Amino acid sequence: MYSLLNTPLEVSPSKPLPVVIIGNGPSGICLSYLLSGNIPYIKRDSVHPHPILQRKLEETPAVSIVDQNLEYLSEGLEGRSHSPVALLLDVLLRPDTDFSGTEESVLTWWHEAKRVIPHLVLGKNLPGGAWHSIEGSMITLSQGDWMGLPDLQFKDWMSKKRRGLRNNRATAADIAQYYQHYVAKKGLKKNFICGTVVTYVKKVSPDANSSYEQQDSDINSSFCSSSVKPMEDDHTTCRSLFQVDGLAKTINGSQQQFSVYAENVILATGTYDSPSLLGVKGETLSFVHHKLSALEEAVKNKDLDMMSDPILIVGAGLTAADAILFAHHCNIPVIHAFRRRVNDPGLIFNQLPKMMYPEYHKVHQMMKEQSIACSGPYECYVSLPEHHILSFKEDKKCIFQDKNGHQKAYNISMAFILIGSNPNLTFLPSNGMDLAMDNEQPVNPKRNPIDVDPFTYECIHEKGLYAIGPLAGDNFVRFVQGGALAVASSLLKKANKNPP
Ligand SMILES: Cc1cc2nc3c(=O)[nH]c(=O)nc-3n(C[C@H](O)[C@H](O)[C@H](O)COP(=O)(O)OP(=O)(O)OC[C@H]3O[C@@H](n4cnc5c(N)ncnc54)[C@H](O)[C@@H]3O)c2cc1C
């Protein structure tokens, strides 16, 4: 059982926590591991296949990676991420994985008690983040090995559990279980408080203790209220603190407000919490859903079966494809609507190798071969390419418009709008927009991530605040870990926790 609140969670402003991490997914877990005094060194006698990196690593073999110059080490590395530190940690953990190699990590992890930075990890669900919300039977896009966290290989955990990978890929349920196991095995449980939702983060002055209650509670105001001193880089001078408020589930099931103070706050809240909306009339009707889990729920509750009116699935990404596969498996009739052409080269299916992802290619084939314009071999499925949804009606009719402006109506039983999701940063002033690369647009992992220093992941626009994971533009588990390394390195320097 993970800790729910059994005592009031109060951290006073006079004795703030060094670090609060918001979000308990892979990013938060990996950072907690590093802040718990687990320090990476290069294994003696290891030889990295990247000759330039190997030469650099030989220069200071006794210095841990967190204490080295990350900019220097990562310079010139290339790969599937734009973040140099993400590439660095990935290539140290999985030296030749992009060339289908299986060479072991060149890192060894030492526990150094003096370098522990006390911290709390707050999260809505169990440790594992988004992986507890993703349908358990879904197969990962990434290879199983790329889902692992430092110093506990995913494949070793799988073989201990006597479970196998499918086409080198794992199920979301296995991944979620592995992350929970990781937290327990690495002794991190004490840092995690599950069942907590952060509702408010604000910068406050440490010497304004008595005025905390009077702080402006308008979360749309900017980060700094006028009474707050600007945070300084030098930790010996007077710094501001962050006030982190939220609601926590207690052991007896009730909810309790909490308030903690921290010198540094790490945003690791991912981007899976707020599904994107179409913004059309009737979208809030009860038969219209925005999560794949609602489809599974409906099947489980026997609200849907092969005799039902078709369900509508909107979207042409992998979650929509997962929904189609699930419905197909249960013989539930599907109408599948999406805005793009079936042959649009930008469709995700065109970017996935056929051999590794046969199921997604099958969906793409169905989209092409069984459209409204031509009937194909697939039962219980019809695709509506280049169609927009105009509205949903109370009598469960959905009105569509095709590319020529023609409108049509279909009876449906339920609708599932699976067109992506957005981060939910309502707990930050101006929904975190002030922190984004373009501070006039909402934060978006692909188009407008939070603007961070690439070697510390500290927010450019707010010192003491850091962002990791998709919020900072790192969208895959193998790459979110580099952000955690950068943050740990920065915090160790700030805390003056120099190597022993
Ligand atoms: C359907 C799907 C399939 C995917 N497949 C892959 C794949 O194959 N390979 C891969 O590498 N990546 C995949 N990803 C991406 C992967 O999920 C993310 O890269 C990864 O989970 C990011 O980790 P994180 O810790 O930054 O965020 P998350 O895993 O999203 O965890 C953040 C957690 O913080 C919680 N949180 C948010 N706001 C608050 C708050 N205010 N208070 C408290 N807690 C809060 C959230 O509820 C969540 O549990 C997939 C994502 C989805 C949605």
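User: Is S430 buried, exposed or partly exposed, and how many other C-beta atoms lie within 10 Å?
Analyst: The model is a predicted one, in which local features need pLDDT of at least 70, side-chain atom pairs count only at pLDDT 80 or more, and totals for chains, interfaces and linings use all residues. Residues are numbered from 1 along each chain as its sequence is written. A residue is buried if 20 or more other C-beta atoms, placed from the backbone, lie within 10 Å of its own, exposed if 12 or fewer, and partly exposed in between. S430 is therefore partly exposed, and the number of other C-beta atoms within 10 Å is 16.

User: Where does S430 lie, and what is its phi?
Analyst: S430 lies in the loop between strand 18 (421-422) and strand 19 (465-467), where helices (H or I, at least four residues) and strands (E, at least two) are DSSP runs numbered from the N terminus. Although S430 is not a glycine, its phi is positive, at about 45°.

User: Which loop holds E386, and what is its phi?
Analyst: E386 is found between strand 13 (381-384) and strand 14 (388-392), and it is partly exposed because 16 other C-beta atoms lie within 10 Å. In this residue other than glycine, phi has a positive value, near 55°.

User: What separation is there between the C-alpha atoms of K186 and E379?
Analyst: K186 has its place in the loop between helix 6 (172-185) and strand 5 (192-194), and it counts as partly exposed because it has 19 C-beta neighbours inside 10 Å. Along the chain K186 and E379 are 193 residues apart, and their C-alpha atoms are separated by 49 Å.

User: How are helix 4 and helix 10 oriented to each other?
Analyst: Helix 4 (residues 84-93) and helix 10 pack at about 110° with their axes 7 Å apart; axes are lines fitted to C-alpha atoms, for helices over the stretch in contact, and angles run from 0 to 180 degrees between N-to-C directions. Angles under 35 degrees count as roughly parallel, over 145 as roughly antiparallel, 65 to 115 as roughly perpendicular and the rest as oblique. The two helices, helix 4 and helix 10, are therefore roughly perpendicular.

User: Which orientation does helix 7 have to helix 8?
Analyst: Helix 7 (residues 292-300) and helix 8 (residues 318-329) pack with their axes 10 Å apart and at an angle of about 10°. Helix 7 is therefore, relative to helix 8, roughly parallel.

User: Which residues of helix 7 and helix 8 make the contact?
Analyst: Two residues are in contact if their C-beta atoms, placed from the backbone, lie within 7 Å. On helix 8 the contact is made by T319, D322, A323, F326 and A327, and on helix 7 by L292, L295 and E296.

User: How many residues surround the ligand, and which are the closest?
Analyst: A residue is near a molecule or strand if its C-beta atom, placed from the backbone, lies within 6 Å of it. Helix 1 (26-35), strand 4 (119-123), strand 6 (196-204) and helix 10 (477-494) each supply at least two residues of the shell. The residues surrounding the ligand number 35, and the closest are G23, G25, G129, G270 and G469.

User: What percentage of the residues of the protein count as buried?
Analyst: The protein has 10 helices and 19 strands, and its C-alpha trace spans about 70 × 60 × 45 Å along the principal axes. Of its 500 residues, the share that count as buried is 43%.
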